[in-house]
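The sequence and the model are shown first, and the notes follow by topic.

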Amino acid sequence: QVRSEVLGSLMGALCLTIPSISHALDTAAGLEERAQPLANTQQTIAIAKDVDEASKLEAAWALTSLVLNTNVHRVMVVRNSDGKVMATRGFFNSQLLGSSGADKEVLLENLTKEVQPMLSKIDQAKGIYCRDSREISALNPNGLGGLATRDAGTLFVAPVGTWGQLWALTDAPRALTRSKDRRWLALVAKKLQSSPAFSDPNRNAPGTLDVEDEMLLKDEVDKPGARDEDAPTQENDTKGLEGIIIQNQSRARALPLLVGFSGLTTILANRLISATTPTDHVTQADLTSGALATTLTLTGLIWSDAVRPKDPVPVDLSSTSKRVLEIASGLQDSSALAAEMRWVAQSLETATRAKSVLILTRDCQPLLRSGLMSRTENVSGDAGLGPVCQRALETGQGSYIPNLILNSGRGEFFGYGLPDKTQGVLVKPIMVAAQDGEASGSQQGAVMVIGTDTVRGFSSRDQAWVAALAEKLGVTFSYTSTESNSA
């Protein structure tokens with residue numbers, strides 16, 4: 001009985017530490033879906049008064065989308081010439097907003113004072129990626145005394161051309177190990193260059209990623225805990241049990257399986273070698289210890305690579321398709337709408353597993369065809385939109401078909417020109433407000449059809465980004481229609 005009780009106590013203690021071990025492993029691998037902001041913070045948005053209205057709209061959409069759809073808590077648009085913070089959104093300590101707790105101009109001034117001493121340490125052409133507070137502290141020799149950067153655990157800075165920078169901060173270390181988040185941050189930074197207030201004469205084309213950016217966008221999720229050889233250690237951020245686990249991830253994953261299986265074996269051996277007839281107390285101790293050992297064994301199996309589900313294998317679509325980038329002839333190549341659609345398509349192909357992007361009007365006329373398309377030119381508006389796209393426009397709700405091959409209505413999407421081997425499709429309506437004098441819903445809007453080469457190729461975060469992009473396109477459509485009517 002004593003042996004069973006001691007064994008059960010040891011396994012019970014390990015079971016109690018399982019949540020902490022799991023949290024540390026998720027932190028190291030960047031698997032936490034969303035880091036929580038610190039207490040005593042409030043969410044706000046502030047844009048400098050000297051920013052024009054069009055740029056304010058662009059900045060508001062960009063910053064809001066980043067806070068909602070990436071693992072960041074604060075984003076700022078910073079001007080290189082003087083280090084002034086021109087726009088920001090996120091969770092801030094109320095002290096940064098002045099005595100009233102709601103003064104946005106005071107917020108921008110306080111953020112500017114924090115950012116200015118750090119600008120000289122950041123390469124304006126490449127940006128920087130700091131994975132923990134130790135690396136962030138190295139940017140300011142005087143220490144991080146500001147309330148916006150003092151508690152930051154991750155910092156990512158992407159250049160906005162030569163005009164400025166986009167800063168993203170998270171109150172948790174290694175919160176941006178997913179390359180997808182960093183890609184969206186870099187892409188949105190490129191997009192801001194098209195705004196008059198954030199533009200410069202030497203800007204790159206919005207939506208493209210430079211080689212320098214790729215150096216910052218290496219995926220770290222596939223190699224949990226991977227770090228550059230010359231990067232500082234995480235001693236300040238990984239103290240105690242969590243630090244030990246992060247430094248010994250493979251051993252931590254194997255620990256529950258090793259202890260659980262050993263416990264089951266020991267319990268069985270203890271029962272077999274016992275010379276006395278087991279009492280009720282001994283039986284109860286064995287059952288309790290056995291349950292704990294089984295729990296640890298199953299946990300270890302779940303954590304092991306042997307039973308971890310494999311990622312779907314991408315299918316080669318190039319054999320039956322060709323790469324295109326076509327915009328409707330009725331749109332000027334330099335128009336705001338054409339540039340917006342190009343950026344959306346290039347961003348989806350860069351930051352997600354999207355391989356084909358279509359934007360179709362209500363009468364099935366293509367406004368944009370980008371990515372891999374079928375070699376057979378079979379796109380025609382004579383038959384109109386299929387039932388899936390038509391329903392999306394009527395209801396305003398998108399549709400996601402994770403496995404197109406098993407869907408009986410897949411012919412609709414092949415008819416639009418998607419490659420024959422397309423594995424999944426995401427459909428999202430682009431709702432456009434009716435103009436003055438037009439009936440609500442009268443021939444307004446379009447639908448975006450996105451194809452992927454992978455079954456279940458779009459995550460929930462991808463779908464959230466597609467919704468944000470569709471909303472932005474809807475605003476641009478409305479703005480373009482208003483200009484056309486005025487002309």
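Val 6 counts as partly exposed because its relative accessibility is 47%; buried means under 20% relative accessible area, exposed over 50%, and partly exposed in between, with a 1.4 Å probe and protein chains only. The model is predicted, so local features need pLDDT of at least 70 and side-chain atom pairs count only at pLDDT 80 or more, while totals for chains, interfaces and linings use all residues. Residues are numbered from 1 along each chain as its sequence is written, and side-chain values use heavy atoms, with hydrogens and water left out.

- Leaving aside residues up to four places away in sequence, Ile 450 touches several residues, including Leu 348, Val 425 and Phe 458; contact means heavy atoms within 4.5 Å.

**An aromatic pair**

- Phe 413 and Tyr 416 are both buried.
- Their rings form an edge-to-face pair, 6.1 Å centre to centre with 85 degrees between the planes; rings of Phe, Tyr and Trp (its six-membered ring) pair if their centres lie within 6.5 Å, with planes under 30 degrees apart stacked, over 60 edge-to-face and the rest tilted.

**Val 455**

- Val 455 is buried, because its relative accessible area is 16%.
- Val 455 and Leu 404 are 51 residues apart in sequence and 7.9 Å apart in space, C-alpha to C-alpha.
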